Amino acid sequence: MNLTAIKSIYKFEMQRFFRTITQSLVSPVLSTSLYFVVFGAAIGSRIQEVEGVSYGAFIVPGLIMLSVMTQATSNASFGIYFPKFIGTIYELLSAPVNFLEITIGYVGAAATKALFIGLIILATAFIFVDIQIAHPIAMLAFLVTTCVSFALLGFIIGIWAGNFEQLQLIPLLIITPLVFLGGSFYSITMLPPIWQSITMFNPVVYLISGFRWAFFGTADVSIGLSLFAISLFMAICLTAIWWIFRTGWRIRQ
C-alpha cells in the first residue's frame with residue numbers, strides 16, 4: 001500500500017476544500033439552517049410530534065442525511081473529474097499507484113468533507129431544537145458509512161461525466177428527490193399502505209431510517225435491514241470502481 005500517494009491525494013483535496021471554505025462549508029450550513037427555520041418553526045408549530053418526537057427534532061437526521069449525501073457525491077465527483085478535464089489523470093495513472101490507493105485518496109477526502117459538514121450541521125441543530133442522541137456510536141457509524149458510500153458513488157459519477165453539467169445531473173435529479181421522498185421530513189408510517197410499499201423501493205429510506213434510529217431509537221425499517229442496505233450499496237460501488245479501472249472505461253478514452 002503506497003501511503004505516500006494516498007496522503008498526497010488526500011492532502012491536495014482537503015487543501016482545495018479549505019481554499020473554498022465559503023462555498024464548501026458555509027453555504028450548506030446556512031441552507032440547512034433555513035430548513036430548520038421553515039420546517040421546524042413554521043410546520044413544526046402545526047405538527048407537534050411524530051412517533052413521540054417533536055417535529056423539529058424529528059427532521060434533524062433527514063436534514064443531515066440530505067446535506068451529507070449531496071456533499072459527499074459532489075465533492076468526490078468533482079475531485080476525480082477535474083484531473084480528467086485538465087489531463088493530469090494520465091500522470092496519476094502512469095505513476096506507481098493502483099486503483100485502490102487512488103480511490104482511498106479521493107473518496108477519503110470527499111467523505112471527510114461531508115462528515116465535517118454533517119457534524120457542523122448537527123451542532124447547529126442544537127441551537128434550534130432539543131436533541132437527545134440515544135445511540136451516539138451507532139449515529140457516528142451510520143454517518144461515516146453514508147459519507148463513504150456516497151463519496152464512492154460520486155467518484156463513479158466523476159469518471160462517467162463528460163462535462164460539468166453532468167456532474168450535477170445525478171445529485172440534483174436523482175439523489176435529492178430520493179432523499180425528500182425517503183422519509184427525511186416525515187415517517188413512512190404516515191403514508192397510505194400502497195405508498196408505503198412503493199417507498200420501500202427507495203434505497204435512501206433504509207439509510208435515513210437507520211440514522212434516525214440512532215437518534216431516537218425508532219425506525220421505519222429494522223436496523224439490520226438498514227445495515228444490510230448500506231453494506232450492499234458500498235459493495236456495489238466498490239465493484240463498479242474496480243471494473244472501471246480494470247477496463248479503463250471513461251478514463252483512457
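Axes here are lines fitted to C-alpha atoms, for helices over the stretch in contact, and angles run from 0 to 180 degrees between N-to-C directions. This is a predicted model, in which local features need pLDDT of at least 70, side-chain atom pairs count only at pLDDT 80 or more, and totals for chains, interfaces and linings use all residues. Residues are numbered from 1 along each chain as its sequence is written, and side-chain values use heavy atoms, with hydrogens and water left out.

**View 1. Helix H7 (residues 136–160) packs with helix H8 (residues 164–180).** Helices (H or I, at least four residues) are DSSP runs numbered from the N terminus. The axes of H7 and H8 are 8 Å apart, at an angle of about 135°. The crossing is right-handed; that is, the near helix is turned clockwise from the far one by less than a right angle. In the contact (heavy atoms within 4.5 Å), H7 supplies Phe150, Leu153, Ile157, Gly158 and Trp160, and H8 supplies Gln166, Leu167, Leu169, Ile170 and Ile175. Eight of these residues are nonpolar, two polar and none charged. Ala, Val, Leu, Ile, Met, Phe, Trp, Tyr, Cys and Pro count as nonpolar, Asp, Glu, Lys and Arg as charged, and the others, Gly among them, as polar.

**View 2. H7 also meets helix H10 (residues 204–216).** The two axes come within 8 Å and cross at roughly 155°, which makes H7 roughly antiparallel to H10. This crossing is left-handed. On H7 the contact residues are Ala138, Met139, Phe142, Leu143 and Phe150; on H10 they are Leu207, Gly210, Phe211, Trp213, Ala214 and Phe215. By class, 10 are nonpolar, one is polar and none is charged.

**View 3. Helix H6 (residues 99–128) crosses helix H11 (residues 223–247).** Their axes come within 10 Å, at roughly 130°, so H6 and H11 are oblique to each other. H6 passes H11 in a right-handed crossing. Phe99, Ile102 and Thr103 of H6 touch Ile241, Trp242 and Phe245 of H11. Five of the contact residues are nonpolar, one is polar and none is charged.

**View 4. At the start of H6, Asn98 reaches toward Leu100.** A side-chain oxygen of Asn98 lies within 3.1 Å of the backbone nitrogen of Leu100.

Notes:
Helices (H or I, at least four residues) and strands (E, at least two) are DSSP runs, numbered from the N terminus. Angles under 35 degrees count as roughly parallel, over 145 as roughly antiparallel, 65 to 115 as roughly perpendicular and the rest as oblique. A polar contact is a pair of N or O atoms within 3.5 Å; within protein, one must be able to donate a hydrogen and the other to accept it, and residues adjacent in sequence count only if both atoms are side-chain atoms.
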